[in-house]
Amino acid sequence: MSKLSELTSQINLLQNYLQDYEEVNPSISQASIGWHMEHSLIVIEKMIYGLELSNPNEYKWKFNLGKIIAFTLNRFPRGKAKAPRISLPKSEPNIETIQLLIQNLGSKLENWNNLPEKSFILHPYFGPLKKDEVLKCLVIHTKHHLAIIRDIIKNRQVLTK
């Protein structure tokens with residue numbers, strides 16, 4: 001499966017949790033399922049937007065040990081990094097906002113292959129990332145938040161009388 005197909009599949013998986021968007025389990029995360037969903041979608045949207053705006057001729061590779069470790073292990077550790085303000089939901093997550101983000105990403109991802117290969121973003125932790133690295137980062141990031149969502153659901157607080 002290509003990374004683009006994997007990301008599309010992950011976005012579709014996120015939709016499966018819409019009915020649980022208000023759920024929180026503080027032993028797993030202080031944030032709700034909806035927050036994790038919206039944050040993941042905002043990150044995808046912002047990174048694609050960054051690629052669209054970039055000038056591929058300005059890309060310069062830079063060594064980054066954190067990127068090498070995360071990309072090799074294919075995971076991000078929980079609770080180690082703080083999400084940049086630009087990637088945070090602006091208000092309490094709601095179904096309409098999440099659905100709109102998903103809808104907008106559909107057309108953005110359809111145009112993925114039209115982006116120049118050396119399109120890039122400046123990631124706050126990993127430095128310059130080319131288009132293929134952005135895609136890998138998005139898949140890892142979305143997988144990270146899907147795992148948190150699954151853990152929140154798996155460890156639901158069951159209220160008993």
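Reader: Before we start, what should I know about the model and its numbering?

Author: It's a predicted model, where local features need pLDDT of at least 70, side-chain atom pairs count only at pLDDT 80 or more, and totals for chains, interfaces and linings use all residues. Residues are numbered from 1 along each chain as its sequence is written, and side-chain values use heavy atoms, with hydrogens and water left out.

Reader: How many helices and strands does the chain have?

Author: Helices (H or I, at least four residues) and strands (E, at least two) are DSSP runs, numbered from the N terminus. Here you get five helices and two strands, and along the sequence they follow the pattern α-α-α-α-β-β-α. The radius of gyration is 16 Å, close to the 15 Å that the globule rule gives for 161 residues, so the chain is as compact as a globular protein of that length. That radius is taken over C-alpha atoms, and the rule is 2.2 Å times the number of residues to the power 0.38.

Reader: What does the C-alpha trace span along its principal axes?

Author: About 65 × 35 × 30 Å.

Reader: Which residues does His 144 touch?

Author: Contact means heavy atoms within 4.5 Å. Leaving aside residues up to four places away in sequence, His 144 touches Phe 76, Pro 77 and Arg 78. His 144 and Lys 80 are 64 residues apart in sequence, yet 12 Å apart in space, C-alpha to C-alpha.

Reader: What about contacts over the chain?

Author: Take the contacts between residues at least 6 apart in sequence: 81% of them join residues at least 24 apart.

Reader: Where is Leu 115 found?

Author: In the loop between H4 and strand E1 (120-123). At 12% relative accessibility, Leu 115 counts as buried. Leu 115 touches Leu 51, Glu 52 and Lys 131, again not counting residues up to four places away in sequence. From Leu 115 to Arg 75, 40 residues apart in sequence, the C-alpha to C-alpha separation is 25 Å.

Methods: Buried < 20%, exposed > 50% of the residue type's maximum accessible area, 1.4 Å probe, protein only.
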